[in-house]
Amino acid sequence: MTLRSILSLLSCASFTILAIFGFGGKDCRVLLLGSRPPKERLLPDPSPAPALLMSLFIPTPENEAPLALPRPSIFAMAAEAEAAAAAKVVERDGQTYKRDRAEASGKLFVREIGGEKWVDPTLSEWPENDFRIFVGDLGSEVTDEVLSAAFSHYQSFNKAKVVRENRTKKHRGFGFVSLADGADFARAMREMQGRHIGNRPCKLKKSEWKQRGTPCVLLSPPPPPPPP
């Protein structure tokens, strides 16, 4: 084979030249082994390795870029934590309080005294973990509004209520005041002790509603009725 023939073969992209053997001065022989498309990729057999690992290190025509594995975003995690914390607090008059100290719980409580059990629906109107004051020695002229006015100047004031008989609505001579902040609770106990509310000086003490009888059992609110 002449030199001109060899150059012609080299210019042909469809052949793979593995070796050139020379014989004599001008003649030589070229060993041609097979042919392949000019742009074909030679990839190792991916069968021994998982397809995911092969796609990470060996790009293919369908996937030229390495596969990006999903990773949790630190910003997304921080946003979720912030949202969860915000759901547990309530802002009122520029102050932030824990929700279970500032809003009604909406839960039902089962009480037991002397072996008798009953559901007390009135406790669902109060925050579950508030700072609650028992206000005694109240005259019959003291209403919910009068009792509220006596304590509403405390910034974390939630509500106040005078206790009455269920059937006759007769005044029972005491009531409760709910505060969302422990500092306001301490101030109210110190400043309002013995103050006149209505026609009598009041007597204050920390409410022990959770300790009356056996510990209360918390129940979930009843499910809504099924649609017709």
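Student: How should I read the model itself?
Tutor: This is a predicted model, where local features need pLDDT of at least 70, side-chain atom pairs count only at pLDDT 80 or more, and totals for chains, interfaces and linings use all residues. Residues are numbered from 1 along each chain as its sequence is written, and side-chain values use heavy atoms, with hydrogens and water left out.

Student: And what does the chain average for pLDDT?
Tutor: The average is 74, and 58% of the residues score at least 70; pLDDT is the predictor's confidence in each residue, from 0 to 100. Over residues 13–43 the pLDDT is below 50, and that stretch has 37 contacts in the model beyond near neighbours in sequence. Contact means heavy atoms within 4.5 Å.

Student: Back to the charges. How far apart are the closest N and O atoms of lysine 159 and glutamate 125?
Tutor: They are 3.5 Å apart. Lysine 159 is in strand β8 and glutamate 125 in the loop between β6 and β7, 34 residues apart, so the pair links distant parts of the chain. Glutamate 125 is partly exposed at 36% relative accessibility. For that term, buried means under 20% relative accessible area, exposed over 50%, and partly exposed in between (1.4 Å probe, protein chains only).

Student: How many salt bridges does the count come to?
Tutor: The count is 9 salt bridges. One of them joins glutamate 128 and lysine 107 at 3.0 Å, N to O. Glutamate 128 is buried, with 16% relative accessibility, while lysine 107 is partly exposed at 27%.

Student: What about arginine 187 and aspartate 184, where do they lie?
Tutor: Both are in helix α6, 3 residues apart, which is about one turn of the helix. Aspartate 184 is buried at 9%, and arginine 187 is partly exposed at 35%.

Student: You keep saying strand and helix. What counts?
Tutor: Helices (H or I, at least four residues) and strands (E, at least two) are DSSP runs, numbered from the N terminus. Two strands pair if DSSP finds at least two bridges between them.

Student: OK, in what order do the strands of the open sheet come?
Tutor: The 4 strands run β8-β9-β7-β12, with antiparallel pairing. β8 (157–164) and β12 (203–206) are at the edges with a single partner strand each, so one side of each has no neighbour in the sheet. On average, neighbouring strands are turned by 25° against each other, direction ignored. β8 pairs with β9 (residues 171–179) over 6 bridges, and phenylalanine 157 stands opposite leucine 179 in β9.

Student: Which strands does helix α5 touch?
Tutor: Helix α5 (residues 144–151) packs on the sheet and touches β7 (131–136), β8, β9 and β12. The direction of α5 makes about 145° with that of β8; axes are lines fitted to C-alpha atoms, for helices over the stretch in contact, and angles run from 0 to 180 degrees between N-to-C directions.

Student: Which residues of α5 are buried?
Tutor: Leu147, Ser148, Ala150 and Phe151 are buried in α5. They fall within an arc of 160° seen down the axis, so they line one face of the helix; the arc is that of the directions from the helix axis to the C-beta atoms. On the other side of α5, Glu145 and Ala149 are exposed.

Technical notes: A salt bridge is a side-chain nitrogen of Lys or Arg within 4 Å of a carboxyl oxygen of Asp or Glu.
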